[in-house]
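Biologist: I have not looked at this structure before. Could you take me through how to read a few of its features?

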Amino acid sequence: MKDCVKYQQLVSCYVDGIISQEDKDALEAHVVSCSSCAFLLKIYKDVFSGPADLSDVPPEALVSGVMNRVKRFDKSGGTDKAAPSSSSKKNIIFRQIMSYAAAAACIVLVLFAVPKLLNLGAASDENSESVSDSAQENLYSVSYDLGSDLKAATGETQSDATATPEVTTSDSAVATGDDTSAEVFYATVTITGALPDILADHPQTDIGNGSYYIYIDADMLNSLIELGYTADYTGAEDTAAPIVVIYTP
Amino acid sequence: MTQLEELQAIEAVLNGDPDFFESLVIENQKLVYNLALRMTGSQSDALDLSQDVFFKAYTNLKNFRCDCRFSVWLYRMTYNMCIDFKRAAKRKPISQISFTNENGENAEFEIPDCRYNPEDELERKELREAVISAVNLLSDEHRQIIIMREFSGMSYGQIADALYLSEGTVKSRLARARQQLLKILVANGTFTSNIRHNERMEGGYGI
């Protein structure tokens, strides 16, 4: 029994192969005649690095997920676009909202400021006022064509200062603040034919050529990549630019 | 992967070739994932945390001082991130059967009812599940070293580096942790049928 205590203290090192040859030989000789220690040794072999096989095999998505994230990071110039947590998802939505708000604010500024700047020292008070009124009208109803207005302002005398600038009217352009054909994206995913289930409930914006835009967030982009779809990073410098699926049924 | 190959891969990544990072991920994913899995108890959380760990390692690779193996650096990062995660989530281990652990505290765990016969594949799986449940009842110190050795497959040297211990201390701490683990398994009856037989034959065990 006393000897058993001595040998049982060697068992842990024995199963890890870090026991001296002398102790190894002694333990192996002991267990031949001691069933208790033999059973203990068997338990150690089976539980620790044995048939119990305690390690789990990592899922395949681990490596691919890491490398996708690394590639996005490098492509974005050092910004982490992966947002698996809900708080990060909220940050992305917030940034997108703020980018749209910033775009709308710029349009408002242009509609007010540019006419005033272009009419400094050129128009009479009456003409300035009428241009200003005209600009305010445009703010609420149409998008403003800067090119035409500049031409009108620089190429005409004050008698022409009240001319209405060339405008394009588009409800959708006012609503989104953008002409969809010129919209800049951070990344796009092109899907033709069947739409994956995860996108089935997402709203689709008709872009007029038989295709649709489906605006998604970074989480959804990750999910699509894991499903095997390819993301095309358009190289937009604005890391808050939207991500979109270009879907053609 | 030898330490030299590891350093070469790291150097290649730092020189602008990110594809070499994949070999480092493949080499160390078992260690990181199993540690995260044992500490969180959730496969999905372990996957997310593992990816976060490797991404953080990639973005901070220039800070790796090469004074230890890359696996040890990853271990420390994984451990700290799991602790932060658990603190934030305030997760608790799932347990149902009463037991008094080595600290004299009441603890509980659920284990499958099984006879000890690892030759059978189903019973090997049950043994594995019993061991995983029992690990949750160890002290923090013992649980940590059992996870590192038995689940993440770290060597004595890697464990010593990660925990700032000598290999001798690792050896004795691991031996004590294994003894405690087996005591728990014996208490829950995992080895009952064989132990009763052997107790009749001899004077007991060192557990």
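Biologist: Leaving aside neighbours within four places in sequence, which residues is B:F21 in contact with?

Modeller: This is a predicted model, so read each contact as a feature of the prediction. B:F21 touches residues of both chains: A:V66, A:M67 and A:V70 from chain A, and B:V13, B:F54, B:A57, B:Y58 and B:F70 from chain B.

Biologist: Where does B:F21 sit, and is B:F21 buried or exposed?

Modeller: B:F21 lies in helix α2 of chain B, which spans residues 20-40. Buried means under 20% relative accessible area. B:F21 has 0% relative accessibility, so B:F21 counts as buried.

Biologist: How far apart are B:F21 and B:F54 in sequence and in space?

Modeller: They are 33 residues apart in sequence, while their C-alpha atoms are 9.2 Å apart.

Biologist: How many residues of helix α7 of chain B are buried?

Modeller: A general point on helices comes first. An α-helix has 3.6 residues a turn, so residues three or four places apart point the same way. In α7(B), residues 156-163, six of the eight residues are buried, and the helix is mostly covered. The buried ones are B:Y156, B:Q158, B:I159, B:A160, B:A162 and B:L163.

Biologist: What covers the buried residues of α7(B)?

Modeller: The cover includes α2 (11-15) of chain A, along with α4 (70-89), α6 (140-151) and α8 (167-187) of chain B. After α7(B) comes B:Y164, with a positive phi near 55°.

Biologist: Turning to the sheet, in what order do the five strands of chain A lie?

Modeller: The order is β4-β5-β7-β3-β6 in chain A, in an open sheet with mixed pairing. β4 (205-206) and β6 (231-233) of chain A are the edge strands, each pairing on one side only. Helix α10 of chain A, residues 218-226, packs on this sheet and touches β3, β5, β6 and β7 of chain A. The direction of α10 makes about 125° with that of β6(A).

Biologist: How many bridges join the antiparallel strands β5(A) and β7(A)?

Modeller: Five bridges join them. One pair is A:I216 with its bridge partner A:I243 in β7(A). Three bridges join β3(A), residues 187-192, to β6(A), and these strands also run antiparallel. There, A:T188 has A:D232 as its bridge partner.

Biologist: And which residue takes a positive phi in the hairpin of β4(A) and β5(A)?

Modeller: A:G208 does, with phi near 90°, and the hairpin has five residues between its strands.

Terms used. Residues are numbered from 1 along each chain as its sequence is written. Chains are lettered from A and ligands numbered from 1 in the order in which they are written. This is a predicted model: local features need pLDDT of at least 70, side-chain atom pairs count only at pLDDT 80 or more; totals for chains, interfaces and linings use all residues. Side-chain values use heavy atoms; hydrogens and water are left out. Two strands pair if DSSP finds at least two bridges between them. Helices (H or I, at least four residues) and strands (E, at least two) are DSSP runs, numbered from the N terminus. Contact means heavy atoms within 4.5 Å. Axes are lines fitted to C-alpha atoms, for helices over the stretch in contact, and angles run from 0 to 180 degrees between N-to-C directions. Buried means under 20% relative accessible area, exposed over 50%, partly exposed in between (1.4 Å probe, protein chains only).
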